[in-house]
Amino acid sequence: CADFRDKAATFAEQKQNDYITKCMEQDCVQSLEGGNANRADEVGCRYTDANGFCYHSGSTQMWCKDNSDDARCIDGGTLWAIPELGSAPGAPSAWTPVANFPLRGAANAVVVSCSCMKNCGCSHSSKESKCFCTHADQLKSGVGPWGPDRIIRSGKDGECACVCVAGEVMDITIVSGGEESTESEGMEKITIGESESGGMEVQKAPEPMIMAPPVITLPPPPPMDIDDAVGAGLCVKNGAYPHECKSLLNIRCADWRDSAHTWAPTKQQGYYASCMAQDCEQSLEGGESNHPDLPGCRFLDGNGFCYAYGTAQMWCAGRGIDTPWCSDGGASWGLAAAGLGTAAEKPTDWTPHADVKFRGQWSDDAPYSCSCMKDCTCNKVKQCWCVDEDQKETGPASYYVDTKRSRSSSKSGTCACTCGTQSS
């Protein structure tokens, strides 16, 4: 679950589905815990985070019970756990996997719903799904469409098998106040040998009643801190100053940030032009199923440079939006297909900088501005080769008005930029 939370925005759709399935299986197994005097730290799962994922630590579950009004403690309900954590009369409890769960990143338009078989181990083939379960009449939990074709009685206490399936948003109806029954009626039963001794009782499972997860309103996320920013790939801590965090940027932007105060004016402009070209090329990424970790550039650090990592861009688009960590270029800077913004197609509205100040002993000199040619490579401002022969320059400056342009389909995703007297 932690892997999904931290990295899913960079995963392709199938990998996200695989991870959320494993997450639900782990949470399902946790929900079967509790009542073992030798394992007092295993109390089950009643309380989740805002994603709907179980808090793993038993002490955290019990803390949430004692502090149930805390916004970070999402309560599945008393039937989600046996005493002392809840009031379920016994295991399995009424815990259910997620439904209508949105994926992340380029797959953010996809929702998945999951179903689990508790106290079961299951196998899948092209012909059928079959589950080996402690109870031969075990029903599935969750609203996902998957269920086993056959159930075979076998000792599988404490195990879970889950499947998450992408599809349309599902209407959810809560059955019997969220309680789950293991009683079944009308199941076609086939007995092979002695069912009590060898686990050989086979049943064909009917369509079971399903219980829905609790209907909850997610609270606002807790305040960001430096560890959140580090975890999202926005920055790294400065060892000498642990309360400072150095932004992770494209290399020429990082070079300019760290060293420009020691350079002559022309070198400052040259590196800035290269920095703008790298950010420009990042802005042309996104929407490719083979590269979901490259969503483009919408969110910037305090200098106005693109956060280089896709995880940082998507974190800013989600939990980090409207926080001081994430300067927002605007929704039109992000590609809709990448889940980063509202731009219908590339190139987006990303724009290079204006009024850049010199640093160091030249800080009083007049500032300079930049301009870029998207989907182009250029020989300074003399000639450009572009996907579109009529490509216009982007930016507050005008350096390419009289530049000769030639068509070249191989220049997609490249940029050429000029800042002051220097070109990338």
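1. Glutamine 383 stands opposite lysine 404, which belongs to strand 18. The model is a predicted one, in which local features need pLDDT of at least 70 and side-chain atom pairs count only at pLDDT 80 or more, while totals for chains, interfaces and linings use all residues. Residues are numbered from 1 along each chain as its sequence is written, and side-chain values use heavy atoms, with hydrogens and water left out.

2. Strand 17 (residues 383–386) and strand 18 pair in the parallel sense over four bridges; strands are DSSP runs of E with at least two residues, helices are runs of H or I with at least four, and both are numbered from the N terminus. Two strands are taken to pair if DSSP finds at least two bridges between them. The open sheet is formed by three strands in the order 16-17-18, with mixed pairing. Its edges are strand 16 (376–379) and strand 18 (404–407), each of which pairs on one side only, and the twist from one strand to the next averages 20°.

3. Helix 6 (residues 251–259) and helix 7 (residues 265–283) have axes that come within 7 Å and cross at roughly 145°, where axes are lines fitted to C-alpha atoms, for helices over the stretch in contact, and angles run from 0 to 180 degrees between N-to-C directions.

4. Which residues have the most contacts inside the largest nonpolar core? They are Trp256, Tyr272, Met276, Phe305, Trp350, Tyr368 and Cys419, in a core of 27 residues. A nonpolar core is a set of buried Ala, Val, Leu, Ile, Met, Phe, Trp, Tyr and Cys residues joined through side-chain atoms within 4.5 Å, and buried means under 20% relative accessible area with a 1.4 Å probe, protein chains only. Helix 7 gives the largest share of this core, six residues.

5. Tyrosine 272 is in contact with Trp256, Phe305, His353, Val356, Tyr368, Cys370 and Cys419, leaving aside its neighbours within four places in sequence. Apart from this core lies another, of 25 residues, including Phe11, Ile20, Met24 and Phe101.

6. For the protein chain as a whole, the secondary structure comes to eight helices and 20 strands, and buried residues make up 44% of the 424 residues.

Terms used. Buried < 20%, exposed > 50% of the residue type's maximum accessible area, 1.4 Å probe, protein only. Contact = heavy atoms within 4.5 Å.
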